[in-house]
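Me: I would like to learn how to read a few local features in a model. Could we go through them one by one?

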Amino acid sequence: MTVESRGAADGESGVGEAVGWSGVEAAVPELARRVRERFGAYRHHVLATVRKDGAPRLTGLEADFRYGELWLGMMTGSLKVADLRRDPRFSLHANPGPGADLAGGDVRVSGRAVEVTDPGLVARYAAAVGPPEPFHLFRAELTEVVRTSTEAPYVVVETWAPGRAPRTIRRTSHDPARYVE
């Protein structure tokens with residue numbers, strides 16, 4: 001196993017920090033490009049939220065990169081809206097597509113969803129995107145970006161979080177198990 005870079009004290013500064021998508025692009029432009037391309041390959045993705053009882057909820061979602069932000073639009077009355085209003089933490093996993101070759105990598109972003117209530121901003125977004133109305137709009141504040149891909153013989157895991165240096169881990173199934181908290 002090789003680790004290409006690590007942040008100070010293994011990146012512990014920055015826990016809890018969050019940035020909009022433009023912050024990701026500024027900090028790690030190449031990783032941001034690959035992640036955005038992967039999300040752009042398919043329209044529907046999988047959103048994980050936290051239910052009222054603390055259990056995870058997985059639902060489909062269309063994500064949109066626009067105006068330097070990652071937007072999450074949702075139908076009114078949906079349970080994911082109620083989840084995010086109660087607990088804004090989420091993870092969004094890009095649609096893996098057909099097959100098992102990980103073409104373009106497997107990507108996930110996590111963070112907090114901030115509901116957008118400014119009527120002008122919602123109207124601007126609606127005019128550009130044309131979603132079914134009415135709808136709820138959330139802006140993603142990201143706390144983690146992860147891309148997993150393969151480079152024979154390795155599985156490559158690229159991670160980044162605000163306040164941390166990007167990390168790349170290459171490992172094979174012959175490497176000792178690695179447990180990171």
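Me: At the start of H4, which backbone nitrogen does a side-chain oxygen of Asp 118 reach?
Reply: Happy to start there. This is a predicted model, where local features need pLDDT of at least 70, side-chain atom pairs count only at pLDDT 80 or more, and totals for chains, interfaces and linings use all residues. Residues are numbered from 1 along each chain as its sequence is written, and side-chain values use heavy atoms, with hydrogens and water left out. Helices (H or I, at least four residues) and strands (E, at least two) are DSSP runs numbered from the N terminus. Here the oxygen of Asp 118 comes to within 3.0 Å of the backbone nitrogen of Gly 120.

Me: Which residues of H4 are buried?
Reply: Buried means under 20% relative accessible area, exposed over 50%, and partly exposed in between (1.4 Å probe, protein chains only). In H4, residues 119-129, the buried ones are Val 122, Tyr 125 and Ala 126. They sit on the same side of H4, because they cover an arc of only 100° around the axis, taken from the directions from the helix axis to the C-beta atoms.

Me: What do the buried residues of H4 pack against?
Reply: Contact means heavy atoms within 4.5 Å. The partners are strands E3 (56-66), E4 (69-75), E6 (106-116) and E7 (135-151).

Me: How should I read a pair of aromatic rings?
Reply: Such a pair is described by the distance of the centres and the angle of the planes. Rings of Phe, Tyr and Trp (its six-membered ring) pair if their centres lie within 6.5 Å; planes under 30 degrees apart count as stacked, over 60 as edge-to-face, and the rest as tilted. A search of the whole structure gives four aromatic pairs. One of them joins Phe 39 and Phe 65, tilted at 5.9 Å centre to centre with 55° between the planes. Phe 39 lies in helix H2 (residues 29-40) and Phe 65 in E3, so this pair ties together parts 26 residues apart in sequence. In Trp 71 and Tyr 125, the centres are 5.6 Å apart and the planes at 50°, so that pair is tilted.

Me: What lies over the face of Tyr 67?
Reply: A charge sits over a ring if NZ of Lys or CZ of Arg is within 6 Å of the ring centre and within 35 degrees of the ring normal. Here Arg 124 lies over Tyr 67, at 3.6 Å from the ring centre. Tyr 67 is in the loop between E3 and E4 and has a positive phi of about 60°, although it is not a glycine.

How values were computed
Polar contact = N/O pair within 3.5 Å; in protein donor to acceptor, adjacent residues only side chain to side chain.
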